[in-house]
Amino acid sequence: MKKIVTIALLICIFTLNLTACSDSSNKEEENVLEKNWEAITEDAKGTTVNFYGWGGDQKTNSWLDNFVARRLKEEYDITFNRIPMNIDDILNKLLGEKQVEVKNGTIDIVWINGENFYTAKKNDLLFGSFTDKLPNFKKYIDGDSLEVKYDFGFKVEGYEAPYGKAQFVMIYDKAKLNMVPRNHGELLEMAKNNPGKFTYPAPPDFTGSAFVRNIIYDIVGHEKFLNMEADKEKIEREIAPAIEFLKELKPYLWKEGKTYPSTNAQLDNMYSDNEVLMTMSYNPNYVSAKIQTGEFPKTSNALIFDKGTIGNTHFLTIPYNAPNLDSALVAINFILSVEAQSSKYDPENWGDLPVLDNRKLNEEEKKIFENVELGKGTIAQDILLDHRVPEMPANIIPIIEEIWQENIPVEGE
Amino acid sequence: MLKKFKPYVMLAPVMFIILGIFTMGLALGFFQSLGYFPAVGLKEFTLRYYKEVLTDIGFLDSLKFTLYTSFVSSTLALIIGVLLAYSIFQSKSRKGVLYTIYKLPVIVPHSIAALLVFNVLTQSGILARVLFYLGIISEQTQFPSLIFDQNGIGIIISYLWKGIPFIAMTVYTVLSNINDKLTDAALNLGANRRQVFWKILLPLLMPSILSSYIIIFAFSFGAFEIPYLLGPTSPKLLPVKAYIEYINPDLSHRPYSMVINMVLASYSLILVWFYSKTFKLFSKFDEIS
Amino acid sequence: MKKNNYIFKITMYLLIFLLISPLVILVIWSFVRIWPWPNLLPRDYGLRGFKHVLDPSTKSLRVLFLSVGLSSLVTLCTLLISIPAAKALGVYEFRGKGFFKMLILAPIIVPPVAVAMGIHIAFIKLGLANTFLGVVFVHLVPCIPYAVRILTNVFEIIGESMEMQARVLGASPLQTFIKITLPLMAPGLLSAGSLVFIVSLSQYFLTFLIGGGRIITLPMLMFPYIQSGDRMMASTYSIIFIVTALIMLLIMERIVRNYYKEQNYFYI
């Protein structure tokens, strides 16, 4: 018996030791936004900043753990702590804390966008408008551009700072497909020529849902959606031609469209395994990263529709109860620097599109971005930007997903 | 009498955790299912969400599908698991690797199990490759679709892979606890092995078989990981439906998730109660002593 | 009789093969670079996964130790409170026994998302949210049903007669428990302990909720890769998970075995 108690105590001490050092509390009642930038960087020194976000991509994780963490330590003496957590868990955590009015939380920075940002902002889970405080935001970001002002159609109002840009692309293997579909009609033709070799992830998967929206845009155009209200009947009417198209496409899909992969990850694996001819991604440089890790064949290539594909911006925000505002601001400001954005743009590191405004860069800085070597299979940044259409308002996306669910996978047709 | 309270005192610490932590959480979930979620501005108690969910056309299909996959997977796991435990027990190789190695799937989390089944059973999985290599199939599409299929085969196989060793482990523990002298005596008195198994071992095993059956049934009835990763797009299993509503960024959807969870929990409770009654009847009927 | 034995042996080997072979594929996957259809073996191998895990910047090793420590502590606590409960349910007859048996199953029956927010709020109020102690407490919830169920079965079989004899012969309750009850239930304790350890080690959702990111365990590093479909990374972490669990279970078995040996003047 004594032995057991001793063991228990030992384990206790041992594990407490491991957790103790992650405890960093610096309480400050003064308003951070009233301090000048020097004071903020000074106060951030020697503290820890906790970055919460999706952790499913090894390259992204490594970039944050290595590059960002190392540079923040060197430059600002800030310890950068990445915590892999899905956005729905983060929101639920904040929501729980909000209900009991927890003033001092654990999260300093959250990686977020779209509907989740909307939910967080609507429920007062965010700190507030802070981007004006960031020197790099003022210097490099075009604060008036639609992509910075709006996130999936919702007003950003400085509550989040842009982190990177994404754009929907489809991926095919040059060695296996000679006809590259440039619009929905050619996609149907391709599917007819290769029955059972094309599919898309079932919405509400993020990428699958984006594919459906892209088809809608390609068929009925994107303009009318930008200010559309969340009225199901109206949306149903507007997207009817696209739903008809998806029904027409269905019999030529993998498993005759009776079932769909539930995540984009599974579609990627099916593509790697040669079970389907195409996969898709919301990251235009994803293909080169996957070629590099060996998951995709070397002859893989990204493609976009002639009428363009949906692009969005992903952001960084600060929760209402962030324990360490100073270093959150310093870290976000650093991520908006030329150094961080160009390092992030390099497909070796991550391959995420930069958010800095090209017109605001000087010649030297422009060079840095031009010198980044893009990987295999990717589309050049200027072509992407020319074929970029904005996302729909976040609140009509779930409605489209619902309509898809009611019309497409059901049996007996 | 102090003795009368003894069992309750002994149960107290466990009940403290279950009632203290768990029931508190459940209460809030229940309120949310009734539409009371003040944090997002829902402040009225209503049965609207129950009505909406229960009258939904897809709901019945999902319920049937959920019942089917959990019933088939746990029953098969039970039979095969007992068989495995008894085989190991009979072959007397209690020492060595075999004794431990069959338990490996028990320590693998369900989501990894889903990954494994995916690796083996897709049309490009290892099984299809072996069949292709052997010339049994000449094309990927000839391999039957076992994943995302409407018969739930991928789901059932994953649960079997996790369930069989679990049943075998608990049954084997009891088997090895049963005094050898008991079976030897029966054998000496002229009983054959089959009789020993049915008349002596099985009744003794019954409580643990029932327990583990209930555990795996209840688990497969309520867990979303495996069906989420391997299930068909339609009909969706109820736990998957609840999960998708739960992660919906629009928080006003939360009551739907909670309604499905409450329905799941009550069904599960009824079934578990029903099982324990039948098993009890069965084991009483078979009791020798 | 002999023939029967062969049938059992064949069944056993066949079943064990079916259970184990997917794991072998998992091991292969953790070294894969390219594995196109219809190759039976990968075309190219790589060490991306293990390199990433062993990179000190990912803190994987620290996380590993923390997970093992946490789950060991949870296992001990669960067993300590489950033994008396299981004895009560297994040996005594009392009013409401069936009800208690059901109640203990509740954490398995009710999906965790249904109770998540309530538990979270309660823990914040108690000051246990984002603490190590809080995570230990919340892990007890999913672990208790397994421990109590298994140990109840054990008590149902060993009964109370042995203990009674010892007590009649003048042993104190503690002596009886240590010298009689514990050795008798050692195998059951081992399976309950192993299972609880695994249940705790694979907890993902509850650890997140209560640990709030302060307490990072192995599944938190692993599951994002399973979700994102990076089969190689997922397999690598899975292997680390499985090997860790296996080592801990073997240690546990060793401890119980040694205990057996010390006490074996009674139980043979």
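In helix 10 of chain A, the buried positions are A:I235, A:I239, A:A242, A:I243, A:F245, A:L246 and A:L249; a residue is called buried if 20 or more other C-beta atoms lie within 10 Å of its own, exposed if 12 or fewer, and partly exposed in between, with C-beta atoms placed from the backbone. Helices (H or I, at least four residues) and strands (E, at least two) are DSSP runs, numbered from the N terminus. The model is predicted, so local features need pLDDT of at least 70 and side-chain atom pairs count only at pLDDT 80 or more, while totals for chains, interfaces and linings use all residues. Residues are numbered from 1 along each chain as its sequence is written, and chains are lettered from A and ligands numbered from 1 in the order in which they are written.

The cover over the buried residues of helix 10 includes helix 8 (184-193), helix 9 (206-220) and helix 17 (397-407) of chain A. Contact here is for two residues whose C-beta atoms, placed from the backbone, lie within 7 Å. Helix 10 itself, residues 232-249, bends by about 60° at A:I239, and a proline, A:P241, follows within four residues. The bend is the angle between axes fitted to the seven residues ending at a residue and the seven starting there.

Turning to chain B, its 12 helices and 2 strands run along the sequence as α-β-β-α-α-α-α-α-α-α-α-α-α-α. The C-alpha trace of chain B spans about 75 × 75 × 30 Å along its principal axes. Of the 289 residues in chain B, 51% are buried. Among the contacts in chain B with a separation of 6 or more, 73% are between residues 24 or more positions apart.

Helix 7 (residues 153-177) of chain B meets helix 3 (residues 57-91) of chain B, with axes that come within 7 Å and cross at roughly 40°. Axes are lines fitted to C-alpha atoms, for helices over the stretch in contact, and angles run from 0 to 180 degrees between N-to-C directions. Helix 3 and helix 7 of chain B are therefore oblique to each other; angles under 35 degrees count as roughly parallel, over 145 as roughly antiparallel, 65 to 115 as roughly perpendicular and the rest as oblique. By class, this contact of helix 3 with helix 7 has 21 nonpolar, 5 polar and no charged residues. Ala, Val, Leu, Ile, Met, Phe, Trp, Tyr, Cys and Pro count as nonpolar, Asp, Glu, Lys and Arg as charged, and the others, Gly among them, as polar.

Helix 5 (residues 110-121) of chain B also packs against helix 7 of chain B, the axes coming within 9 Å and crossing at roughly 125°. On the helix 5 side, the contact is made by B:H110, B:A113, B:A114, B:V117 and B:L121, and on the helix 7 side by B:G154, B:I157, B:S158, B:W161 and B:K162. That contact splits into 6 nonpolar, 3 polar and 1 charged residues.

Between chains, the contact of chain B with chain C takes 76 residues from chain B and 73 residues from chain C. Helix 1 (residues 2-33) of chain B gives the largest share of the chain B side, 15 residues. That side has 55 nonpolar, 19 polar and 2 charged residues.
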